[in-house]
Amino acid sequence: MVKADPFENATKQVNDACDILGIKDKGLRDYLAIPNRLVRVKIPVKMDNGKIRVFIGFRSQHNNDRGPYKGGIRYFNPEGGVKYMEREVMALSSWMTWKCAVVDVPLGGGKGGIYVNPKTEKLSDGELERLTRRFAFMISEVIGPEKDVPAPDVYTTGREMTQIMDTFSKVTGNRYQPGVITGKPIPMGGSLARNVATGLGTAYCVREAAKLLKIKLKGAKVVLQGFGNASTFAGEYLEKMGSQVIAASDSKGSILNPKGMSMKKLIDWKNNRGTVVGFPGSKKISTEQLLTTKCDILIPGALENQITASIAKKIQTKIIAEAANGPTLPEADPILHKKKVMIIPDILCNSGGVCISYLEWVQNNMGYYWEFDEVARKMESNIVRGLKDTYNLSKKHKVDMRRGAMVLAVSRVVDAFNQKGIWP
Ligand code: NAD
C-alpha cells in the first residue's frame with residue numbers, strides 16, 4: 001500500500017484553516033504551507049569495521065516569522081525510504097510552526113533527522129557518536145540559538161543533544177552555546193520539569209476543558225492508552241487533581257477496573273513486570289474495549305491512527321485529550337464533533353514539551369536557571385491561554401477544537417508575517 005504523503009496532509013490542514021479565516025490569496029496560502037528551507041546532507045561515517053558508510057540527513061525549516069525554528073531530530077527509517085522521510089520532515093516542521101504558535105511560544109517550526117534505525121541496525125556507541133557529530137557539523141551553518149534550535153525526537157536522547165551542542169560549540173569558535181539545542185540532560189543545561197512536561201501539560205489542558213464543560217474533575221473517570229512518558233505523567237497529575245484512572249494499556253495489552261486504580265501502584269507493577277497487564281483487581285480487555293469504555297476523559301497517549309470512524313461511533317467519553325501525535329483519524333473528527341465530545345488536539349494537548357523546551361532555551365540564553373515550580377507555572381500559563389483561545393475561536397467559527405487550534409496558529413503566523421512583509 002502506498003502511504004499517504006504527509007506533506008500533502010499538512011498542506012491540506014493549512015488550506016482548511018485559510019478557508020475558515022477567509023484567506024483566499026493563493027500566494028499567502030503557499031507561503032504558509034511551504035517550508036522556507038530544506039537542507040539535505042550526506043553524512044559519511046567511518047564504521048567500526050573500517051569501512052565508510054554514507055547516511056542521508058535532513059533539516060526542514062518551515063517558518064520563522066515568530067522566532068527561531070524549533071523541532072526535533074529523529075533517527076528513523078520510515079517504510080517509504082529516504083524520499084518519504086524528506087516529505088515527513090517537511091510535514092513535521094509545518095506542524096511544529098503551528099504547535100509553537102498555538103501556545104504562543106515565540107519560536108517557529110523545524111524538524112530533521114537521519115535516515116537510520118539505530119535500534120535495528122545495532123550501531124555501536126562510537127558509530128552513533130561519529131554519525132551525530134558529523135551531522136551536527138553538516139547542519140552547523142543553519143542551526144544556532146538565534147536561528148534554529150533542535151530537540152530530541154524518535155530514537156534520539158539527551159546524549160545526542162549533548163554531542164550536537166558540543167560539536168556546534170567547537171565549530172563556532174569554541175563558544176559555550178547550550179541554547180543551540182534543547183532536551184539536554186540537567187548538568188548540560190537542561191531544564192527542570194522537562195521529563196514531566198508533556199503529561200503535565202495534558203493534565204492542565206484537561207483541567208481547563210473540564211471547567212469549560214462543567215465537568216467535575218473530582219471523581220472523573222480517566223482511560224489511558226499507553227503507559228509511557230506522556231500518559232503516565234498525565235495520569236498521575238490528573239489523579240492528584242482528584243480523578244480516577246479506571247483503564248490503562250501498553251504494547252502488551254489493556255486492563256480495566258471500573259472502581260479505579262492507584263497510579264503509584266500501577267507504575268510500580270509496570271516497572272516490576274514490564275506491563276500493566278495482570279494488575280491486581282483489573283481484568284484484561286481489548287484495545288477497542290479500552291477506547292470505548294464509558295469514562296469522562298480518554299487519553300490516547302501512545303500511537304497514531306487509533307480512533308477510527310467505527311471506534312468514534314462507539315466512544316463514550318466527554319473529553320479526548322490527544323497526548324500522542326495523530327491518534328485520531330480525520331474521518332472520526334466529524335463523528336465526535338456531532339456527539340459533542342471535546343477533542344483537545346495534539347498540537348495543543350502535547351505542547352507541554354515544546355513549552356518547556358522554549359523555557360530551557362530562555363534559561364540557556366540568560367545563563368540563569370529556574371526551580372521546577374517556576375518552569376511548570378510558566379508552562380501552565382501558555383497552555384491554559386492556548387486552550388482558552390482555541391475554545392473561543394472554535395465557538396466563534398463553529399468548528400471543532402482541532403480546526404480552532406489551527407485557525408489560532410495560522411492567524412498568529414499571518415499576523416507576524418503582515419507586520420514584517422517581504423524583504424528584499
Ligand atoms: P513512550 O515510549 O514513553 O511510551 C509509549 C507507550 O505506548 C509505552 O507504554 C508502550 O508500551 C505503549 N504502546 C506501544 N504500543 C502500544 C499499543 N499497541 N497499545 C497501547 N500502548 C502501546 O512514548 P511517549 O514519549 O510517551 O510518546 C507517546 C506519544 O506521545 C507519541 O505519539 C509521541 O509522539 C507523543 N508525544 C510525546 C512527547 C514527550 O515529551 N514524551 C511530546 C509530544 C508528543
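Reader: How many aromatic pairs does a search of the whole structure find?

Author: The search finds four. Keep in mind that this is a predicted model.

Reader: What makes Trp269 and Phe279 a pair, and why is the pair called edge-to-face?

Author: Start with distance. The ring centres lie 6.1 Å apart, and the cut-off for a pair is within 6.5 Å. So Trp269 and Phe279 pair. Now the angle. The planes stand at 85°, and planes over 60 degrees apart count as edge-to-face. Therefore this pair is edge-to-face.

Reader: Which parts of the chain does the pair of Trp269 and Phe279 tie together?

Author: Trp269 sits in helix α8, residues 263–273. Phe279 sits in the loop between α8 and β9 (283–285). The pair therefore links parts that are 10 residues apart in sequence.

Reader: Turn to the ligand. Which residues come nearest?

Author: There are 17 residues around the ligand. Thr198, Phe227, Asn229, Ala230 and Asn325 come nearest.

Reader: How much of the ligand does the protein bury?

Author: The ligand taken alone exposes 830 Å². The protein buries 66% of that.

Reader: Which elements give two or more residues to the shell around the ligand?

Author: They are α7 (229–240) and β7 (244–250). By class, the shell holds six nonpolar, nine polar and two charged residues.

Reader: What is the volume of the second largest pocket, and which residues are closest to its centre?

Author: The volume is about 370 Å³. Of the 15 lining residues, His337, Lys340, Val341, Met342 and Lys395 are closest to the centre. The elements giving two or more residues to this lining are α11 (332–338), β12 (342–344) and α14 (372–396). The lining divides into eight nonpolar, two polar and five charged residues.

Reader: What kind of peptide bond joins Trp423 and Pro424?

Author: A cis bond, with omega about -5°. Pro424 lies in the segment after α15 (401–420).

Reader: What is the phi of Tyr155, and where is this residue?

Author: Phi is positive, about 55°, although Tyr155 is not a glycine. Tyr155 lies in the loop between β5 (148–152) and α5 (158–171).

Note on methods. Residues are numbered from 1 along each chain as its sequence is written. This is a predicted model: local features need pLDDT of at least 70, side-chain atom pairs count only at pLDDT 80 or more; totals for chains, interfaces and linings use all residues. Side-chain values use heavy atoms; hydrogens and water are left out. A residue is near a molecule or strand if one of its heavy atoms lies within 4 Å of it. Accessible areas come from the Shrake-Rupley method with a 1.4 Å probe; for residues, only the protein chains shown count as cover. Helices (H or I, at least four residues) and strands (E, at least two) are DSSP runs, numbered from the N terminus. Ala, Val, Leu, Ile, Met, Phe, Trp, Tyr, Cys and Pro count as nonpolar, Asp, Glu, Lys and Arg as charged, and the others, Gly among them, as polar. On a 1 Å grid over the protein atoms alone, a cavity is a set of points where a 1.4 Å probe fits but cannot get out, and a pocket is an open set with protein on both sides within 12 Å along at least five of seven lines; lining residues have an atom within 4 Å of a point. Grid points are joined across faces, edges and corners, and a volume is the space filled by probe spheres set on the points. Rings of Phe, Tyr and Trp (its six-membered ring) pair if their centres lie within 6.5 Å; planes under 30 degrees apart count as stacked, over 60 as edge-to-face and the rest as tilted.
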